[in-house]
Amino acid sequence: MKMIQQFRRFLTALVLVLVLTTTAACSGTVQAKQPTQLPPGISRSGDYALLERGNSVQGQDFGNWVVSTAKGIVQDAYVRDNNKLGVVITPQVRPTEVRPLTKSLLQGFHKNFPNQDLEVLIYAPDKKLILTGEYDRQSNQVEYK
């Protein structure tokens with residue numbers, strides 16, 4: 001299974017490079033400018049790739065896994081500080097499915113980031129917060145808000 005995932009990641013990266021190379025080559029003489037100010041917490045050392053799904057390598061990998069595994073349920077996901085997972089659901093998710101989805105995501109999140117309090121934020125397709133699930137490692141309980 002890991003080999004398939006690695007192959008899929010490699011293939012995705014290769015396609016992305018080809019698309020970007022072709023797009024850049026065919027777009028004329030427009031050149032991108034380096035930003036003068038960076039968002040807080042971002043250095044000039046190339047951390048931009050980590051912004052998409054997570055601000056750590058583990059977070060990036062888990063965010064990618066959530067989106068790729070939950071096809072048709074999750075549009076987008078991000079992980080911040082290895083303890084906060086934000087998920088944008090698709091319109092196909094029924095309101096009765098939101099809490100079980102949150103619980104499932106918390107369980108998977110806990111397996112990948114053990115020994116810490118965790119938070120899962122579920123957003124509607126219009127990016128409005130629907131539900132927050134908080135896992136407390138001391139009590140081993142989940143609280144929904």
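In which helix is the place of Asn64? Asn64 sits in helix H2 of this predicted model.

View 1. Asn64 belongs to helix H2. The residue has a relative accessible area of 28%; because buried means under 20% and exposed over 50%, Asn64 counts as partly exposed. Val79 lies 15 residues away from Asn64 in sequence, and the C-alpha atoms of Asn64 and Val79 are 9.6 Å apart.

**View 2. The five-strand sheet.** The sheet is open, with 5 strands in the order E1-E2-E3-E4-E5 and mixed pairing. E1 and E5 are the edge strands, each of them pairing on one side only. Direction ignored, neighbouring strands are turned by 15° against each other on average. Strands of a sheet pair through backbone hydrogen bonds, in either a parallel or an antiparallel sense. E2 and E3 pair in the parallel sense, over 5 bridges. Val88 has its bridge partner in E3, namely Tyr123.

**View 3. Helices H2 and H3 on the sheet.** H2 packs on the sheet and touches E1 and E2. The direction of H2 makes about 165° with that of E1. H3 also packs on the sheet, where it touches E1, E2, E3, E4 and E5. The direction of H3 makes about 145° with that of E3.

**View 4. Helix H3, its length and its buried residues.** Helix H3 covers residues 98–112. At 1.5 Å a residue, its 15 residues should span 21 Å, and the end C-alpha atoms are 21 Å apart, which agrees. Val98, Leu101, Thr102, Leu105, Leu106, Gly108 and Phe109 of H3 are buried. An α-helix has 3.6 residues a turn, so residues three or four places apart point the same way. The cover over the buried residues of H3 includes helix H2 (57–69) and strand E1 (74–80), along with strands E2 (84–89), E3 (118–123), E4 (129–136) and E5 (141–144).

**View 5. The largest nonpolar core.** This core has 22 residues, and those touching the most other members are Leu85, Val87, Leu105, Phe109 and Ile122. At least two residues of the core come from each of H2, E1, E2, H3, E3 and E4. H3 gives the most, with 5 residues.

**View 6. The surroundings of Phe109.** Phe109 is one of the buried residues of H3. Leaving aside neighbours within four places in sequence, Phe109 is in contact with Phe62 and Val79, with Asn82, Asn83, Lys84 and Leu85, and with Leu118, Glu119 and Val120.

Technical notes: Residues numbered from 1 in each chain as written. Predicted model: local features only at pLDDT ≥ 70, side-chain atom pairs only at ≥ 80, totals over all residues. Heavy atoms only, no water. Helix = DSSP H or I, 4+ residues; strand = E, 2+ residues; numbered from the N terminus. Expected span 1.5 Å × (residues − 1). Buried < 20%, exposed > 50% of the residue type's maximum accessible area, 1.4 Å probe, protein only. Contact = heavy atoms within 4.5 Å. Core = buried A, V, L, I, M, F, W, Y, C linked by side-chain atoms within 4.5 Å. Pairing = 2+ DSSP bridges. Axes fitted to C-alpha atoms, helices over the stretch in contact; angles between N-to-C directions.
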